[in-house]
Amino acid sequence: LLAHEKLAVPVTCKIRVFPEIDKTVKYAQMLEKAGCQLLTVHGRTKEQKGPLSGTASWEHIKAVRKAVAIPVFANGNIQCLRDVERCIRDTGVQGVMSAEGNLHNPALFEGRSPAVWELAEEYLDIVRQHPCPLSCVRAHLFKLWHHTLQVHQQLREELAKVKTLEAAAAVSRELKLRCQEDISRQKEGEKPSGGLPFFHWICQPYLRPGPREGSEENGGARGKRALEEEEGGTDVLSKNKQKKQLRNPHKTFDPSLKPKYAKCDQCGNPKGNRCVFNLCRGCCKKRAFREAADCPGHGLLFKTKLEKSLAWKGAPSRLQEPQPAGPGEPGGLPEVVGSALA
């Protein structure tokens, strides 16, 4: 409410739904009363992420749309332009948002499914005009080339290791050539593999796989560590750990071989090896400031700086002490006047 009253711009909100429709509606009405002027409803619960994404509930979105007077946008299950039209028709919302569908096919709202390299080249041209971090470029190219990288997996590693924009563009060009070779070898009447609606070189949505079968027995999807242990114990490394080991062959992930750190006396975090208080940096800084003390181990010099400050403040006062003036000096004016009067 305070943001609505103080800000000169409209306040907009985006929420996920609760499992219960009634609870979701009450939450939306609360936001409306607080001054929200546009509400986007993602039709998944907070637990529906990653392999547990599942299908978004348009029923929740429809109920919210009927219960509030402000504009409502829908989010979830948008893979093509037909989904946009169907969502507006089924829920009555004023607008639709898309995340993964739009990342895999930026032409989604145009109703097109162009060749991947067409949009990849357009995107790289935009980046050259408006530079951004290379990590963002890689992330977008991974989304665009997702299905092709499942076929030409060796180029996936190359794209992950690029250090410059031009190197990323070179991998994208190589992927384009591979796709054109695949097109030239395509047989008449051949259908896309892997259950895809289009061939891998065509922009299309990525349908996230659901949780593994049998996960319900354990009350939900099992964590990555549990799956690793099931498949062969600690000898099986995750993909991220395998990549780290490629970069550093001597790296070990055995907890028993990791160095043991002494704990901070206050918070339990690793303490500084040369800390005079046996504390971590955060706790040491608070104590050194409170006691006006020094800790050379953490480079904290509160006492030294205080002493220097007091010495600096005292120096000017000694220089400005009044000096006795002689009769012929400016300070001896009373004597000069007195002699003239005499």
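Tutor: Let's begin with Cys 87, which counts as buried, at 0% relative accessibility. Buried means under 20% relative accessible area, exposed means over 50%, and partly exposed is in between, with a 1.4 Å probe and protein chains only. Please keep in mind that this is a predicted model, in which local features need pLDDT of at least 70 and side-chain atom pairs count only at pLDDT 80 or more, while totals for chains, interfaces and linings use all residues. Residues are numbered from 1 along each chain as its sequence is written, and side-chain values use heavy atoms, with hydrogens and water left out.

Cys 87 belongs to the α4 side of a helix contact. The two partners are helix α3, residues 58-67, and helix α4, residues 81-91. Helices (H or I, at least four residues) and strands (E, at least two) are DSSP runs, numbered from the N terminus. The axes of α3 and α4 lie 9 Å apart, and the helices pack at an angle of about 50 degrees. Each axis is a line fitted to C-alpha atoms, for helices over the stretch in contact, and angles run from 0 to 180 degrees between N-to-C directions. Angles under 35 degrees count as roughly parallel, over 145 as roughly antiparallel, 65 to 115 as roughly perpendicular and the rest as oblique. The two helices, α3 and α4, are therefore oblique to each other.

Which residues in α3 and α4 meet? From α3 come Trp 58, Ile 61, Lys 62 and Arg 65, and from α4 come Asp 83, Arg 86, Cys 87, Asp 90 and Thr 91. This contact of α3 with α4 is made of 3 nonpolar, 1 polar and 5 charged residues. Here Ala, Val, Leu, Ile, Met, Phe, Trp, Tyr, Cys and Pro count as nonpolar, Asp, Glu, Lys and Arg as charged, and the others, Gly among them, as polar.

Another cysteine to find is Cys 80, which is partly exposed at 23% relative accessibility. A disulfide is a pair of cysteine sulfur atoms within 2.5 Å, and by this rule the count is 0.

The C-alpha atoms of Trp 58 and His 42 are separated by 8.9 Å, and the two residues are 16 apart along the chain. His 42 sits in strand β2, residues 38-42, and is buried at 11% relative accessibility. Leaving out residues up to four places away in sequence, His 42 touches Lys 14, Ile 15, Arg 16, Val 17 and Asn 75. Contact means heavy atoms within 4.5 Å. In the loop between β3 (72-75) and α4 you will find Asn 77, a residue other than glycine whose phi is positive, near 70 degrees.

Let's move on to the aromatic rings. A pair of aromatic rings is described by the distance of the centres and the angle of the planes. Rings of Phe, Tyr and Trp (its six-membered ring) pair if their centres lie within 6.5 Å; planes under 30 degrees apart count as stacked, over 60 as edge-to-face and the rest as tilted. The structure holds 3 such pairs. One of them joins Phe 18 and Tyr 27 edge-to-face, at 5.7 Å centre to centre with 85 degrees between the planes. Phe 18 is partly exposed, at 26%, and Tyr 27 is partly exposed too, at 32%. Phe 289 and Phe 302 have ring centres 5.6 Å apart and planes at 75 degrees, so their pair is edge-to-face. That pair links distant parts of the chain, with Phe 289 in helix α13 (residues 281-291) and Phe 302 in helix α14 (residues 302-319), 13 residues apart. Phe 289 is exposed at 62%, whereas Phe 302 is partly exposed at 25%.

Helix α14 also holds Thr 304, which is partly exposed at 27%.

Finally, here is the wider view. The chain has 15 helices and 6 strands, and buried residues make up 30% of its 342 residues.
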